Amino acid sequence: MAIRSLTLVGLAAIALAAPVHADNITLKASHQFPGGKGDVRDEMVQMIARDVAKANVGLDIKVFPGSSLVKATEQWKAMLSGQIDMSSFPLDYASGFHPQFGATLMPGLVKNHAHADRLNKSPFMKDIKDVIEKGGVHVLADAWLAGAFGAKDKCIRNPQDASGLKVRSAGATFAQMWAGAGASIVSIPSNEVYNALQQGVAQATDTSTSSFVSFRLYEQLKCVTAPGDNALWFMYEPVLISKRSWDKLNDAQKRALTEASKKAEEYFSRESKKLDDEMVEVFRKNKAEVVTLTPAEAEAWRAVAQKTSYKAFAEKVPGGKELIEKALSVK
């Protein structure tokens with residue numbers, strides 16, 4: 001009896017000393033970007049997965065890159081349905097659910113990376129995140145990517161350069177600007193742009209500088225208009241988790257996921273400007289021409305956007321006018 005009692009006491013002590021997770025959870029994280037090829041959006045998610053595993057809190061994240069589990073534009077819906085738990089997701093892709101998200105891909109609204117950081121702390125982004133939360137999704141990490149224009153046969157500097165071109169646009173707000181400049185719009189996600197350019201379905205595109213490299217668009221384009229000091233294209237692509245999945249986590253798991261996400265966000269903030277520089281370097285290395293907009297050229301594009309994208313957003317989106325005003329007030 002004495003030996004049996006000592007054994008039971010010993011087992012109890014071991015059980016108390018070891019971490020016990022009654023609810024081991026595996027989350028499925030999906031995104032459209034190439035896996036293991038240096039894309040920082042993929043790396044953000046992979047970092048979060050690695051750091052959460054190291055935390056040893058009974059939480060694992062399985063990453064499905066390259067639209068291998070869910071199509072690029074379907075990931076918001078997939079989070080809501082429970083098909084996936086997490087995503088690195090261009091928020092504007094969900095504008096069909098919440099048209100306010102179109103403000104996160106609005107021509108000329110974000111001027112540079114430092115401006116994007118200031119926007120993250122502004123009433124504008126508080127309003128956007130309130131819509132995200134009410135829509136059933138929680139933001140884990142912020143990420144703003146700068147973008148560029150590229151064309152198969154010429155450089156795009158002024159609005160008249162787009163006239164008559166078949167342009168793939170990342171979202172409705174840029175599509176409205178392109179159409180205002182006389183282009184016809186091709187609506188496909190960024191992971192389908194290479195084939196569209198190759199087959200002549202599209203002659204030009206806008207997308208993030210990271211995607212210009214990750215999807216090897218330098219193989220199809222003659223010229224790219226880089227962000228430079230007068231960027232027009234910035235897109236919010238946060239790491240998200242469905243609130244249903246978030247609410248299943250215990251406090252230790254939430255804390256580990258939050259800390260890992262903060263670390264990934266800081267990593268992205270350091271790397272984001274480098275993405276633009278890398279795009280320029282890669283395109284030049286592949287004999288493509290690289291140009292940037294002058295202040296006057298950028299202003300000409302903003303004038304088109306104000307008559308098209310801004311006007312439509314203010315008129316058609318609930319609270320749209322106020323959202324634009326809040327964003328423009330951030331200097």
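This is a predicted model: local features need pLDDT of at least 70, side-chain atom pairs count only at pLDDT 80 or more; totals for chains, interfaces and linings use all residues.
1. On the H2 side, the contact is made by Val 40, Glu 43, Met 44, Met 47, Ile 48, Asp 51, Val 52 and Ala 55. H10 contributes Ala 256, Leu 257, Ala 260, Ser 261, Lys 263, Ala 264, Glu 265, Tyr 267, Phe 268, Glu 271 and Leu 275. Sorted by class, the residues of the contact between H2 and H10 comprise 13 nonpolar, one polar and five charged.

2. The crossing of H6 and H11 is right-handed.

3. Which residues bring H6 and H11 together? From H6, Thr 173, Gln 176, Met 177, Trp 178 and Gly 180 take part, and they meet Trp 301, Val 304, Ala 305, Thr 308, Ser 309 and Ala 312 in H11. The contact of H6 with H11 divides into six nonpolar and five polar residues, with no charged residue.

4. Turning to the loops, His 31 is found between strand E1 (25-30) and H2. His 31 has a relative accessible area of 0%; the cut-off for buried is under 20%, so His 31 is buried. Leaving aside neighbours within four places in sequence, His 31 is in contact with Asp 42, Val 45, Val 63, Phe 64, Pro 65, Gly 66, Ser 67, Gln 75, Ser 87 and Ser 88.

5. Asn 191 lies in the loop that runs between strand E7 (184-186) and helix H7 (193-199). Is Asn 191 buried, exposed or partly exposed? With a relative accessible area of 29%, Asn 191 is partly exposed.

6. Asn 191 and Phe 33 are 158 residues apart along the chain, and their C-alpha atoms are separated by 7.4 Å. Beyond its neighbours within four places in sequence, Asn 191 is in contact with Gln 32, Ser 67, Ala 72 and Phe 215. With Ser 67, the contact includes a polar one between the two side chains, at 3.5 Å. Ser 67 is also one of the residues in contact with His 31.

Key: Residues are numbered from 1 along each chain as its sequence is written. Side-chain values use heavy atoms; hydrogens and water are left out. A crossing is left-handed if the near helix is turned anticlockwise from the far one by less than a right angle, and right-handed if clockwise. Helices (H or I, at least four residues) and strands (E, at least two) are DSSP runs, numbered from the N terminus. Contact means heavy atoms within 4.5 Å. Ala, Val, Leu, Ile, Met, Phe, Trp, Tyr, Cys and Pro count as nonpolar, Asp, Glu, Lys and Arg as charged, and the others, Gly among them, as polar. Buried means under 20% relative accessible area, exposed over 50%, partly exposed in between (1.4 Å probe, protein chains only). A polar contact is a pair of N or O atoms within 3.5 Å; within protein, one must be able to donate a hydrogen and the other to accept it, and residues adjacent in sequence count only if both atoms are side-chain atoms.
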